[in-house]
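Reader: I'd like to go through this one with you, charged pairs to begin with and helix packing after that. Can you put it up?

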Amino acid sequence: MIEFNRVSKRYVDHDALRDVSLTIPTGEMVFLTGHSGAGKTTFLRLLMLLERASMGSLRVDGRDTARIKGRNIGRYRSEFGIVFQDHQLLYDRSVLENVALPLEIAGFRPRDIQRRTRAALDKVGLLGRERANPAVLSGGEQQRLGIARAVVARPRFLIADEPTGNLDPQLSAEIMGLFEAFNRVGVTVIVASHDLALISRLRHRIVTLKAGRLVAGAGL
Amino acid sequence: MNKPAAGLGIAPRASVVSWVHHHRQAASNSLLRAFRLPVATGLTWLVVGIALALPASLLVILQNIEAVTGDMRSPARFSVLLEADTSLNAAQTILKRIESRVDVRDVTLIPQDQALARFAADTGLVGLLDSIPDNPLPHTLLVNPLASVESEGLSELAKGLKVVRGVDQVVFDTLWQARLAGVLQAGRRLVMGIGLLMMVGAVLILANTIRLAIEARRDEIVVIKLIGANDAYARRPFLYTGLWSGFGGGLLGAIMVGVFFIYLSEPVNQLLQLYDSDRRFTGLGIMGVLNMMFLGGALGLLSAWHAATTQLRELEPR
């Protein structure tokens, strides 16, 4: 369970989040929406411990994230799968090596890495492209590769920041379908998106942020 | 809402196997990356090689000088000049007395007549010496101490000889030995100083190389840290880069020293022959080569550790 309790994030010149309280139970799929600058990315950055809250508390599965420090941050982050709008793929590695990365970091055996990586690629429809360089893949394929990398280590939480930002409506729907598929097997999914037309078609909670304040979707 | 995901559940053994696997992968990838950039890698190795080769060459030259001068150092010997009016019989008595000391190996008596004849023969002043009515030279005892007697023992022996009745002067020229030892000691320190400076230079150059490598792979580091890598994981490839740079530099430095010594050995060996020395000019040897490689590797690792640790500490995400 993810619990934001009166969380604020203040930068030198502005408040990115103001007094946000929100609970996301384990296994839920939530859309986080709002205009640019609403605080969606800050929300996700706080969750990933890329930033620390200026005020309030953030608890994940009962752990106070303010107490997670140093070498434990990596281990904490490995519980999350993260999908970026710009994919953040490594172009000097093959498709297979990109997907294998979280498993290597997590300390899996080489043979398990091979098996799980192929399974993840199969789920996103990229099996057969293992040896390819990510640069030769289309935008949709690159995003699916990013998703495969995010889910290969079977994270408990899947976070996506504008995952369909650069994709056409059909590919966007496909990507959302993948997120729903992972949510069905118990992964807590949080998707930040400003594509209201797309997310309103899906039957999941929509949390709306405006100028750093939570304006809708706080209740379960 | 769905059933919660189970998470990773990694067995400890799997972590160790994977840790070893990642080390092997980081080591081989770093080496391959180095070979893919032959010019940059070659220049780095060359700089490290020169930094190690200069002090190594000086050190080997110094060792050769020490070996050669060690042969030249004759065992210490005292010339004991007896008083002018000492008779030959009295000189024999003094000889026996000195010979009975535990720190003396043997004593040779050179009677004053023999000394004068030797002096006349050596200097060619036979006529002049014939014109002198009295022999001005005293009987002399040449005292050879035991080989095991070191500097303090020699001073004690000198004091002991001086107080023997009938002894006028004790001559023991250790000055040239002290001077040589001083020169060699200064040489050793000079080599150490130069070596230290060159190694600091090599460490700084390697650290800068690693910093540039980290900058070039900043995006990759950000991604791997975002997906859960800690600093140790992110640092590992750069540690191997530093290690290979140091090893390569050490090997190149050893080759440079080897070539230099091949070039130098012929005239030096001829010179040694002229001095009737059995010594031959010796280079690094296999252990020297390995030492240079390991020293280079250690310096590379040290530089990489420092550069990567400080750089990763400043890099977001932490």
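Author: One definition before we start: buried means under 20% relative accessible area, exposed means over 50%, and partly exposed lies in between. Also keep in mind that this is a predicted model.

Reader: Which side chain does B:R101 meet in a salt bridge?

Author: B:D103. The N to O distance in that salt bridge is 3.0 Å.

Reader: And is B:D103 buried or exposed?

Author: Buried, at 14% relative accessibility.

Reader: How many salt bridges over all chains?

Author: The search of the whole structure finds 20.

Reader: Give me some in chain A.

Author: A:R63 pairs with A:E79, with the closest N and O atoms 2.9 Å apart. A:R63 is partly exposed, with 30% relative accessible area.

Reader: What does A:D64 form a salt bridge with?

Author: A:R67, and there the closest N and O atoms are 4.0 Å apart. A:R67 counts as exposed, at 69% relative accessibility.

Reader: Which residues are linked in a network?

Author: A:K9, A:R45 and A:E51 are linked in a network of salt bridges.

Reader: Switching to helices. At what angle do α8 and α9 of chain B pack?

Author: About 150 degrees, with the axes 9 Å apart. Angles over 145 degrees count as roughly antiparallel, so that is what α8(B) and α9(B) are to each other.

Reader: Left-handed or right-handed crossing?

Author: The crossing of α8(B) and α9(B) is right-handed.

Reader: Which residues meet there?

Author: From α8(B), B:I221, B:I224 and B:K225; from α9(B), B:D231, B:Y233, B:A234 and B:F238. By class, the contact has five nonpolar residues, two charged and no polar ones.

Reader: How many residues of α8(B) are buried?

Author: Seven of its nine, so α8(B) is mostly covered under the 20% cut-off. The buried residues run through B:E220, B:I221, B:V222, B:V223, B:I224, B:K225 and B:L226.

Reader: What about phi at B:G228, positive or negative?

Author: Positive, near 110 degrees; B:G228 follows α8(B).

Note on methods. Residues are numbered from 1 along each chain as its sequence is written. Chains are lettered from A and ligands numbered from 1 in the order in which they are written. This is a predicted model: local features need pLDDT of at least 70, side-chain atom pairs count only at pLDDT 80 or more; totals for chains, interfaces and linings use all residues. Side-chain values use heavy atoms; hydrogens and water are left out. Axes are lines fitted to C-alpha atoms, for helices over the stretch in contact, and angles run from 0 to 180 degrees between N-to-C directions. Helices (H or I, at least four residues) and strands (E, at least two) are DSSP runs, numbered from the N terminus. Angles under 35 degrees count as roughly parallel, over 145 as roughly antiparallel, 65 to 115 as roughly perpendicular and the rest as oblique. A crossing is left-handed if the near helix is turned anticlockwise from the far one by less than a right angle, and right-handed if clockwise. Contact means heavy atoms within 4.5 Å. Ala, Val, Leu, Ile, Met, Phe, Trp, Tyr, Cys and Pro count as nonpolar, Asp, Glu, Lys and Arg as charged, and the others, Gly among them, as polar. Buried means under 20% relative accessible area, exposed over 50%, partly exposed in between (1.4 Å probe, protein chains only).
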